[in-house]
Structures are given as structure tokens and as C-alpha cells.
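Please study the sequence and the structure before working through the solutions.

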Amino acid sequence: MRLTRYFLPVLKDTPAEASIASHRLMLRAGMIRQASAGIYSWLPLGFKVLRKLEDIVHEEQIRAGHIPMLMPTLQPADLWRESGRYDDYGKEMLRITDRHGRDMLYGPTNEELITDIFRNSVNSYKELPKTLYHIQWKFRDEVRPRFGVMRGREFFMKDGYSFDIDEAGALHAYNRHLVSYLRTYERMGLQAIPMRADTGPIGGDHSHEFLVLAKTGESEVFYDRAVTDMKLGDREVDFDSVEQCQAIFDEFTTPYARTDETHDEALFNEVPEERRMSARGIEVGQIFYFGTKYSAAMGAEVVMPDGSRKPVEMGSHGIGVSRLVGALIEANHDDNGIIWPESVAPFGAGIVNLKQGDSAADAACEGLYQALTRAGIDPLYDDRDERAGAKFATMDLIGLPWRITVAPRGLKNGVVELTSRRTGETEEMSPEAAVDRLTQIYAKV
Ligand code: 5CA
């Protein structure tokens, strides 16, 4: 993309309403604009990052054997009356009446709708297990929407629903989700720690939240420092293996890690004092096992081998996709702007032409632009007629991981500069070598 043709409305001034770095930087970098409290338009740069996260979530869900689909944002209230949650949900639910006077709502989550689809389509234990998921906008009329996309009213969420014939199957689905979430967050360059959590309005006995440690996080968390050294890494996972998923679940959930709602001071005190940590975290996902809460209330049953009918065992599993954009920035920024990990960067590299209109500089930038595009690196070429300082400031603000700087003086010696946004280190090399280097870097992402 050439910057002169793009839509990147960066702001010079820090918006007064933004109190945390990610909110400030998303507004300044032209990623989002507020439409109304807690409701945002995703401008092109923000939309690109959101799509990258969505792609990673899809890939990892499909790898774990889960089936993608798409449910609507608007749901009939009657389904929620069946589960009893229409009244329980209170003011957080946005209620709408259509022209025929029918009660509708903007879905805050989808347990009822998916249970309805299931009960109308599945009859036999032979069709189980199944996990269906979608990535769709949700609405919760939060009392205090704040921190930009972190606590929005409208937000983008992956929600998946598992259906099993018995508790053992449902617990495997729970463990499988935990493992696949570890992989998902690690691919985004994030450490999200699974912590024992409260189940809230979703219900059930088992729940883990995934937390990214950050000073600006809304949750208070307590953990054994050992959990911060744990990584799934690139080990081979067989998501059908009950034993392997259980072993990884045990490995990651045995050290103490809990949110304040489930915190147990006595248990925590058994952790050696030097490893006892309390901090703040951003909740980027949550998994639940709630058994037959919805299937029993709504009659989602299957015929078992002995001919009896049994309500299915269910769980639901969420990832806060739009919140993750904010969480990633909280974890990756400095005073000058965002620092995207390569796997989620909106563009793979920036090209800065220090003398627009100079024929050698223009030609070199054009060559780099073509070569990087061919290599699939998706460059953003700053071809504006601007001062060097302004071009560097924009690149630093929007946080592309790599910048190639092209100046007539360097070109006389056949070199351009390749700069890492994260370390600030700059190396001189030929334009071809810069393309090769970036190709190698992105081949590993
Ligand atoms: N049905 C279950 C699992 S699919 C569910 O709704 N879980 S949840 O309530 O925990 O939401 C899942 C994830 O969505 C949360 O972990 C969080 O990352 C994200 N989320 C929840 N509320 C908001 C909000 N107001 N703004 C942004 N993200 C949110």
C-alpha cells in the first residue's frame, strides 16, 4: 500500500478521553474512531490487525477440530426465556422490539441459539462429540465502557460450544480448548496465563480465564511466578488425545494462578514466598464447563445406545478478539508508539523515502515495494512529500516491526537502512539483502 492512497488519519494530539496507552495509541494511529460510548468503527489500519487476529483464531480452532459457522447478532427473546436468562441478564442486555411487536435482543453470547440449533438437528449419541464456533459481534450494555476496545459495549468475540455425551467427553473438550488457546495466544506473541475463575452469568462448575499481565488490567490476579516461565512452544499436539491434553492442562494449571474471585489465601500461602505474586491482568479469554444447564432447560437431548434420552454435556469457550488488539498494544509499546509482533502487524514493513522526487530514491523505493509485495510481506510505502522526522514519527506510531529507509546518500554506496522497531537497531545493506532478510524473518512467523 502506498501511503498517499491509503486512509490513515493519525492524530497529532493525545486524545483527552483516553487514559491508557492502548486506547490512546489506537486513536492516535488512526485504528479506531468512537461512534458512541463503547462502540467503535474499525478504520483500515485497525481492521487489518483485527482480521489478522481473527485468522489466527480460525486456524487454531480448525487445527483443534472445531467447526466454524456464523450465527446472527440479533436473537429472539423466547429462546432466552426458555433458559431463564432473559430476566437474569438485566440491563446489560440490549432489548429490541421488531415491527411485529416481537421481543428481540442483540446477543451478548450464544448458548441459547446454538442449543436451539443443536436440538433441532442432532438426535443420536453417534453424532457426538462436536464443537461448533463462530466469530461474531456481541453487545453488552456495560455500566462503564472504558479503555477503548478493552471494555466495549459492542465487541468481537470468538465463542465456541462443545457437545458431548458424558462428563469425561466434556472435560476433554475443556482441556482441548485450554491447549488450543495457549497456542493461539502464543502465536500472537502474547503470554496469556490460564487462571481458575468464577463462572458468572454463563454458569457451571469449571472455568478458567486467560490473563495477560499488564498494569492497566482490570482484574486482580494472584499466581506462582513459575507460571510466567511456561510455554507451549512448538510441541506437536494431538488434540484428539485425551491423555496429552490432560497432561498439558495439568502442567499449566497445577501452579497456583487465580483471579480475585476464586483467590484462596491459605492455598496461596503454600507457594514459596519469593514466588508469590499479585498483579493486574487483562482477561482475553474464558472457558466454561457447565454440563446440562442449557441442554436440560431447553430439551437438547440425544438417544443413547440403550435407547434412553439424555441431555448433552456442554461447555462454552470464548476469546475476546477485539479486546486482544488493545491487550497486544498494552504489552507492546513505547513512548513513540506501538510495536507490533510480526504475526499480527498490519503491514510487514514500512518503506520510508527520505527524498521523494529524487529519481534514484523513487526508483529504489519502487523496486523495494514491488519485491516486498511479491514476497508476501505487504509493505506500507511512505511516498508522501514530508520531512524525514514526520515520516519516522508516523512509522514509529503505527508500529510496523521493520522499516527500510531509502536516502540518496546511501544509494550512492548501494545501501539502504533496515531498522527494527523493537530494538531500534539499524543495519546498512543492499536493497536485495533487505528483502532477503525480511523474507527469512517472515517465513518463520
Ligand atoms: N459464552 C461465553 C464463552 S463463549 C462467554 O461469553 N464468555 S465471556 O463472557 O467470558 O466472554 C468471552 C471473552 O470476551 C472475555 O474473556 C473477554 O476477553 C471478551 N469480552 C467480554 N466482555 C467484553 C467487553 N465488554 N469488551 C470487550 N471484550 C469483552
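**Exercise 1: The shell around the ligand**

The residues of the shell around the ligand comprise seven nonpolar, eight polar and seven charged ones; here Ala, Val, Leu, Ile, Met, Phe, Trp, Tyr, Cys and Pro count as nonpolar, Asp, Glu, Lys and Arg as charged, and the others, Gly among them, as polar. The model is predicted: local features need pLDDT of at least 70, side-chain atom pairs count only at pLDDT 80 or more, and totals for chains, interfaces and linings use all residues. Residues are numbered from 1 along each chain as its sequence is written, and side-chain values use heavy atoms, with hydrogens and water left out.

Task: determine which residues are the closest to the ligand and which element gives the most to its shell.

Step 1. The ligand is surrounded by 22 residues, a residue being near if one of its heavy atoms lies within 4 Å. The closest are T109, E111, R140, G152 and E283.

Step 2. Two or more residues each come from β8 (154-164), β13 (276-291) and β16 (313-320); strands are DSSP runs (E, at least two residues), helices likewise (H or I, at least four), numbered from the N terminus.

Step 3. With five residues, β13 gives the most to the shell.

**Exercise 2: Polar atoms and burial**

Task: state how far the side chains of T109, R140 and S316 lie from atoms of the ligand.

Step 1. An N or O atom in the side chain of T109 is 2.7 Å from a nitrogen atom of the ligand.

Step 2. For R140, a polar side-chain atom lies 2.8 Å from a ligand oxygen atom.

Step 3. In S316, a side-chain N or O atom is 3.5 Å from a nitrogen atom of the ligand.

Step 4. The protein buries 96% of the 590 Å² that the ligand exposes when taken alone (Shrake-Rupley method, 1.4 Å probe).

**Exercise 3: The largest pocket**

Task: describe the lining of the largest pocket.

Step 1. A pocket is an open set of points on a 1 Å grid over the protein atoms alone, where a 1.4 Å probe fits, with protein on both sides within 12 Å along at least five of seven lines; lining residues have an atom within 4 Å of a point.

Step 2. The largest pocket is lined by 42 residues, and R140, R151, E283, Q286 and R323 lie nearest its centre.

Step 3. By class, this lining has 13 nonpolar, 15 polar and 14 charged residues.

Step 4. β13 gives the most to the lining, with six residues.

Definitions and conventions: Polar contact = N/O pair within 3.5 Å; in protein donor to acceptor, adjacent residues only side chain to side chain.
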